[in-house]
Amino acid sequence: MHHYGLADARFAGGSVLIPGPDTRVVELRVHGVQGTTPQSLVDAVAAVDVAGDGLGRVVRPADRLRRPAPGPMLQAGGRPVSRVVEGYVWGGMTSGGWAKATWALLFPFSLANVAHWMLPPVPTGSTAAHLLGVALRSLLRLAALLLTVLLVAQLAVISLDLVAAQCLAPGSTCLWGPSWVSDVPWARTVIGLAPVALLLVVLHRVSAVDWRIERKDVPASAIGASGLPGAHVATDPDVPALRVLHLVAGLGAAVVIGLGGPLGPLVAPGWHGVALTAAWVAGVALLAFSALAAMLLDDPTGGAPHRGGRWLRAVLARRPRRVLLAVAWAVFLGSAALLTRLPVRMPGADLAVQLVAAAVALVCALLALLLVPAALLARKTWKDLPRDLRPWAGGWMAAPVLAIAALLGGGFGAGVGLTLRRVLGHGVLPRGYDYIALLWGVAGVLAFAAGIAVVATTGAVRWSSLRRGKEWAREASLLHAGRARDVKRAARAWWWARWQQRHSHHVVLIGACVLVAGAVPAAVLRLREVEPPAWSRPFAALGVVVLAVLALALLRAVWLAARRPDTARQLGILADLAAFWPREAHPVVPPCYALKVVPELVSRVREHLADPGVRVVIAGHSQGSLLAAVAAARLLEELPASDAARVGLVTAGSQLQWAYPRAFPAVVPHESLARLAGGLDGRWRALCRGTDPLGGAVTTWGRQVFDGMLLGVGFLPDGTTGALPPALRGPTGALVLGGDHWLPDPQRGPFPGRRWAPGVNRHKDYTSDPEWDRAVAIAAGLEDVAAPLSRPVLPTARQAPLRTPEPEAL
């Protein structure tokens, strides 16, 4: 045991190790969304890179000569232990520069891809659930393909119809008046088709962007076999084929729209007409093949030899894909050459856009219907959980997310078209745009009404809580015993944080319902070929304004994200959350940073564990807690038991209970968190604040304050769940219930020799709390939870027991 620099010792509540002279703790921190500076990540005035490739950076505190400096000593068991603080900085993968900022324009694609990961799990042994899962994934891929086609169709309406066919028509006074371009059909054709070709090239290039992983070869476990968090987060080998199918579908749609639209090709005499017909048929064939192949390419874990899809994968291997892509480009360029011999006209643009929009709506409706039995069949996997831990909307959340993606995609294209027409001061858009404006006008009115209702409801509930004396949260009273001012400030923040966590998914549902409700009258009027009545004109006018604001706001957000990333925080947060998920339903989304961050974290931990005296604690804040948990899970899969026992996990401000298992029940199920907690055997510590609206408890739930004690249910060290002993108060005032450390906010202190963060900190500055060091020591296995300074939280002379007729759940 001297070789390890550690000596065994047993305390009540588990096994800990007394640190020896060779013991060293490496604290590897992972930040959350919207990035952070290396200095703030490692709590230093300067930081220096010690590993990484510039995108995934491993940093340490630096001294005045820019050399890596040791971290502050860690007190464990009353003895100082050497600590090295490292930070993994991954913010450069999702923010900075025009290339990454333009991902915001493709945000509907990202939503469609996220919807795939929100599908309910498929229970083992259920044939019906398996078939429903195949159908749902196929429909999602079809909907994603149709979104790409819709984008191409809307751009074709703008460039080919509005600009080339109308603004540049002979005799037009659009913008600059008559010019030589108006009298040259081929020039107008090139101007109309060039933006479409450029868009398709850009989509193909950005969809091929991926991250290079800087790591040593490590043994890989079977995907999804462990049941740990994120076990299914892996690269789908079908993505290259899906990427080509989206490009081929876009080229086919451009050909069909340019040559006459869905009803048939343009008419021309002789061989020219025959060639137009042949090209139009080829475009339809490309569209049909892409749609069918995208639906059949459904195997999230890769192509297995015994699956029926192996033949399709052989057809879509690398060389056949190149041939298919070359054929599609040849058809597109050939169609452009044929169009140069004709005056530019777009007889089928309106119908094309409306057919694609109708197809997207139909697929969304079918997905919503099939999700109902799929969610009911999956219910047995979570029916024994408390209501607050069950998936949002009963596992049906993928439907509203896909609906929002479709309506945002259609609305953004329409907004750009309407805005450009106003700028040009000339041209007529397809009739369908009038109904889209009506849709968004009605949705805008409903959104305003829904906002008033939400504010009124929130105010009423808040007033009711005040009236019934619930202003003073019992947990806050325990944390801030004897400090009335802090109790009042904390209780208010607890109430708002709890409200936001409980109802954040309702905002998504309300948004989807508002947009769908706006689409109903517009769709009914369009299907009946009824002109928008007089009463709808104010709604249509409002819709034009809403669409213009939507388009301009998104373009402005992209500009801000590129030029001033610090001012585009909301956009960055959405991009970071969406980019966590691998390309599965839609290939034209930002590359998944988790596929780079997690392997490099695992590799870095393995490097440190090569020293037998080192214990590694992975610490993640907010979104970084998900990355840290997945990395810890991969380490448990790969490492021998002796090395895995030297790995710990600290999460702070985490969404691993209230958000991720409920939004993504098939990827981060509650059972996987229990398995991870059991594998870490008490070395998973979760720091949480009741004032934090984005983070919360991770390892406990069903919390109650009874007779001055904080009680609850949570993960036990063996991975099972059950009632926990009463919370213990740590030496710095935190309440430790199971694996959760509830921090007082505002903090106690200030304490000598420590940084102190005044005020209500909510989601920030977890490392400033003195409980952070204690949690790291416990996660490293060097200190027991029931330390000698800890004691049960009992009422004191300054705080009487809080007695109520029945306990109140947290």
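Modeller: Happy to. This is a predicted model, and five cavities of 30 Å³ or more are counted in it.

Colleague: How large is the second largest cavity, and what makes it a cavity and not a pocket?

Modeller: The second largest cavity holds about 110 Å³ of space. A 1.4 Å probe fits there but cannot get out, so the space is called a cavity, whereas a pocket is an open set.

Colleague: Which helices line the second largest cavity?

Modeller: Helix 3 (107-117), helix 4 (127-167) and helix 11 (398-424) each bring at least two residues. Helix 4 has the largest share, four residues.

Colleague: How do you know how many of those lining residues are nonpolar, polar or charged?

Modeller: Leu, Phe and Pro count as nonpolar, while residues such as Gly fall under polar. The lining includes Leu105, Pro108, Phe109, Gln154 and Gly409. The tally is therefore eight nonpolar, two polar and no charged.

Colleague: Why is a set of residues called a nonpolar core?

Modeller: Because its members are buried and joined through side-chain atoms within 4.5 Å. The largest such core has 175 residues, with Trp581 and Phe664 among those with the most contacts inside it. Helix 4 gives the most to this core, 18 residues. Another core, of 19 residues including Leu743 and Trp772, lies apart from it.

Colleague: What does phenylalanine 664 touch beyond four places in sequence?

Modeller: Phenylalanine 664 is in contact with Val114, Trp117, Met118, Trp581 and Pro669.

Colleague: Where does pLDDT stay under 50?

Modeller: Residues 788-810 are one such stretch, with 53 contacts beyond four places in sequence. Residues 217-224 also stay under 50, with 11 such contacts. The chain averages 80.

Key: Residues are numbered from 1 along each chain as its sequence is written. This is a predicted model: local features need pLDDT of at least 70, side-chain atom pairs count only at pLDDT 80 or more; totals for chains, interfaces and linings use all residues. Side-chain values use heavy atoms; hydrogens and water are left out. pLDDT is the predictor's confidence in each residue, from 0 to 100. Contact means heavy atoms within 4.5 Å. On a 1 Å grid over the protein atoms alone, a cavity is a set of points where a 1.4 Å probe fits but cannot get out, and a pocket is an open set with protein on both sides within 12 Å along at least five of seven lines; lining residues have an atom within 4 Å of a point. Grid points are joined across faces, edges and corners, and a volume is the space filled by probe spheres set on the points. Buried means under 20% relative accessible area, exposed over 50%, partly exposed in between (1.4 Å probe, protein chains only).
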